[in-house]
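Here are my notes on this one, written as numbered points. Keep the structure open beside you while you read.

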Amino acid sequence: MRTCLSDAIAPAVWKATRRALERAGVEVRVPRGQTCCSQPAWTAGHPDQARAVARHTITVFAGTEDVVVPSGSCAGMVIHTYPELFAGQPEQEAALDLAGRTIEFTQFLVKHDLDPRASACGPVTVHDSCHMLRVLDEQDSPRQALANVPGCEIREMANTDQCCGFGGVFALEFPELSGRLGEQKAREAMNSGAPEVVSCDLGCLMHIAGIAHRTGIPIRARHISEVLGS
Amino acid sequence: MADAGVVRAVLADDPVMHDIGLDAALRAAGIDVLIWPVSLGRREILGLEGPAEVCGVTVPTLAVAARGTLVLEASPGHGRGLDVTNRHHVALLPADRIVEGLAEALARTFVVGQPIPSAVSLVSGPSRSSDIEKISTLGAHGALAEHVVIIT
Amino acid sequence: MTVPRRRSRKQQGVTYDDLTGTLRERTVVALADPVLAANLRTAGEAWSEQQAKMKGDYDFDQMRDRARDIRRSNIRDLPALLAQLQNSVRENGGTVVRAADGAEACRYIVGLARARGVRVVAKSKSMATEEIKLNDALEDAGLEVVETDLGEWILQLAHEHPTHIIAPAIHMNRERVADLFREEAGTNDVPDDREGLVAHARMRLREKFAQADIGISGVNLGVASTGTLCIVENEGNARLVTSQPRIHVAVMGMERVVADWDQAAHILEVLPMAAIGYDAANYVNLITGPRREGETDGPEELHLVIVDGGRGALRGTEFEEALSCIRCGACLYSCPVWRNVGGQTYGSPYSGPIGAVITPLLEGPASPGSRDLPFMSSLCGACGDVCPVGIPLPDLLVRARARSSSPHKTRTGIGFRIWSHLWRHRLTYRLTIVAWRLALRIRGKGGWVHRLPGPGANWTEVRDMPSKWPPHR
């Protein structure tokens, strides 16, 4: 699953994900008709609109393969919310089936003990997105995946479990509050001593990078796929 | 009590208190002893009039070991405010009244079908408030000092 | 099985009458206050630290699961439990009144005060009484109302609203408190240090306890089997409120009932752990009826006022789990939003994640004061993790958004309708993506866009948008 954010902001992310998987020996198919998991509409309080787009996603990803997603939040949406979104709907069975086959990218690598043979990277700090941390209950897989990357030294920031403030539509509805949280996160990342922050979620990274650039906080940002697929 | 400058003690009218002869002992030490029920007005009970250094003496029905909680029951002989209206509080606790956990203490105290006391107070420490600058300070409303005397 | 809906008169809202500006504007005001920020940070961090210590000694998950099951069963059996509570309280000499809404509750209490010739009312902390705006009703009737919880008294003197359910005045500094005390006492002879201030308050408030004819408290839990009201506190003022005046009025939200003492014991253990990070509160007052024959202290009358105020209507709905809440305040302390803007910003006595869910539900989802509250959340999920009764708060926030009818949501509704038509087809999706990427490239300078038009403008208010990725290479 490419994710709409990657399509719109950073195609490099889904391409790096594909590269990493292929290097690790996985056969990868990228369905051309895919659009969006529909999380923005769901969290904005428009479940009917969400369902219309999610239905398309279910159709596009019909089949038996694992669906690997370079986003904790999109994976979380499919795995945990599609069952609620399609409860009592005609697509209920198909939705549950997709939810059962969907997995976040680093979790997939760790689960199947895959080495994407990434090229070297320097010290990084890891941002645990709220969806990875709490919806997928996962903190280890990004770190385990990075452990295979030569030269990669993880310098943990303080308060890794504090939200960066992106929150999807929240970033647009309460920009000052969202910005304050992002600034706090950017500073924590900088204080870790690492020059760049990596994460499984592009939304968080866009937000952190955007704030860092606006406020002059010296921290760079990359998606974990870009490190693993380098 | 003498160390703390207590000049008056208000005692629960309880067999345990009488057994150890606390009232006589305190009187002998020059402390003014009142036994519940007292005929003081509300202002004096609250310490707005009369002596300031007053000690209330209670006899808990039970205590919970886990957090050092005393169980105090109101009754004609045991005023419900003895432990909070005065600046000092001493509890006389027979050792065999100590139970392990809260659930057991409550199950023993509240038995459906038997008379329920009008007020039962679980007391786990002296009065404190963290409302000013989030720093815990003693003596907001209840006693400033609590002492538990365990009688074996 | 749903409780039959009562046709109540238009009820007073839950949100404060003196709200200024929009919710977003209030967040901006709060964010600009460095004293507030520092105090909130201290409070939040202290709580987190204490929680970490507690969780080392106790199995939080197991305790939470048990508490969740207890509260769910309470809400499921609510009508029967309330009936049993009512009977038990009456058997022990208390009076019970079921009020459909806040207005009815206030009318009863004011009527009682008038009938008994009451002049002074001493109150201990009660969210329910703030919700129904009881103080206003009593003061309008010419009574003097004194909050005796230290933090609430400070707020009353300052004419402010609480920042947190458990520690309402933590946004204030000592100097401000000293000033307020000087004003109240009409003298400059008030200490400056914390201990002196507490001692001063103690004596001033005891004057009020001596004068009060009615003591009004909340109820943390009602135990149906014996008709006992549990009132949990750390200061001791609730004890004085419920023991000194001749009349005790207890105001209880209808959902705050447990079946028996086994359940009560567990909830009474879980509550202080979640609220303050210690395994017991200093005082737990367990009150069953007024004083008995032969007792010389304690109230002569006990009146239990059980308030519905919109709670009953939530049973059987997708929001039913919100009724499990035991008002511990843990979700507030864990919330990155609350930790940055504080409780006053929410404009409701119920702030934080639970407040954002229930305030619009109790007021009605179209109510202008509260309909934006569910959107003031990044849905980070911290609240759901810490709730000691297992309320799925993040899910409830999303459901509350779906139900909200703010004008803003109507606008995003139009936007998302268009979005869903375009994004359910490959071709139109591709077109919007290409158009967007083109726009980024055109507007981008050095890899960044500094101002986005239209709905994107809010993004660029506080941050830049990367026009290429990775943005730094």
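Predicted model: local features only at pLDDT ≥ 70, side-chain atom pairs only at ≥ 80, totals over all residues.

1. Now for the overall build of chain A. A compact globule of 230 residues would have a radius of gyration near 17 Å, and chain A agrees because its own value is 17 Å. Along the principal axes, its C-alpha atoms fill a box of roughly 50 × 45 × 25 Å. Of the 230 residues in chain A, 62% count as buried.

2. Where they touch, 26 residues of domain 1 of chain A are in contact with 23 residues of domain 2 of chain A. On the domain 1 side, the elements of chain A that give two or more residues are helix 1 (4-9), helix 2 (11-23), helix 3 (39-43), helix 5 (72-85) and helix 7 (105-111). That side of domain 1 of chain A is made up of 14 nonpolar, eleven polar and one charged residue.

3. Next, which chains touch? Two pairs of chains do, and the pair with the most contacts is B and C. Chains A and B have no contact joining them, and their closest C-alpha atoms lie 22 Å apart.

4. Let's take the contact between chains C and A. It draws 48 residues from chain C and 51 residues from chain A. Several elements of chain C supply at least two residues each to its side, among them helix 1 (23-31), helix 17 (393-403) and helix 19 (426-443). Helix 18 of chain C gives the most, with eight residues. By class, the side of chain C that touches chain A has 26 nonpolar, eleven polar and eleven charged residues.

5. Then there is the contact between chains B and C, with 45 residues from chain B and 59 residues from chain C. On the chain B side, at least two residues each come from helix 3 (42-45), helix 4 (102-109), strand 8 (119-123) and strand 9 (128-129). Strand 8 of chain B has the largest share of that side, five residues. The side of chain B that touches chain C divides into 21 nonpolar, 16 polar and eight charged residues.

6. Stay with strand 8 of chain B for a moment. How many bridges join strand 8 of chain B to strand 9 of chain C? There are five, and the two strands run antiparallel; the chain C strand covers residues 283-287. For a pair to find on screen, B:Ser121 stands opposite C:Asn285. Strand 8 of chain B also pairs within its own chain: four bridges join it to strand 5 of chain B, again antiparallel. There, B:Glu73 stands opposite B:Val120 of strand 8.

7. That brings us to strand 5 (residues 69-73) of chain B. Is strand 5 of chain B mostly covered or mostly open? It is mostly covered, with four of its five residues buried. Three bridges join it to strand 4 (residues 62-64) of chain B, and these strands run antiparallel. One of the pairs there is B:Leu62 with B:Val71. The hairpin of strands 4 and 5 of chain B has four residues between the strands, and in it B:Gly68 takes a positive phi near 70°.

8. Last, have a look at B:Ala52, in the loop between helix 3 and strand 3 (54-58) of chain B. Why does B:Ala52 count as partly exposed? Because it has 14 C-beta neighbours inside 10 Å, while a buried residue needs 20 or more and an exposed one has 12 or fewer. Leaving out residues up to four places away in sequence, B:Ala52 touches B:Gly47 and B:Arg87. B:Gly21, by contrast, is 31 residues from B:Ala52 in sequence and 24 Å from it in space, C-alpha to C-alpha.

Definitions and conventions:
Residues numbered from 1 in each chain as written. Chains lettered and ligands numbered in written order. Contact = placed C-beta atoms within 7 Å. Nonpolar A, V, L, I, M, F, W, Y, C, P; charged D, E, K, R; others polar. Pairing = 2+ DSSP bridges. Rg over C-alpha atoms; globule rule 2.2 N^0.38 Å.
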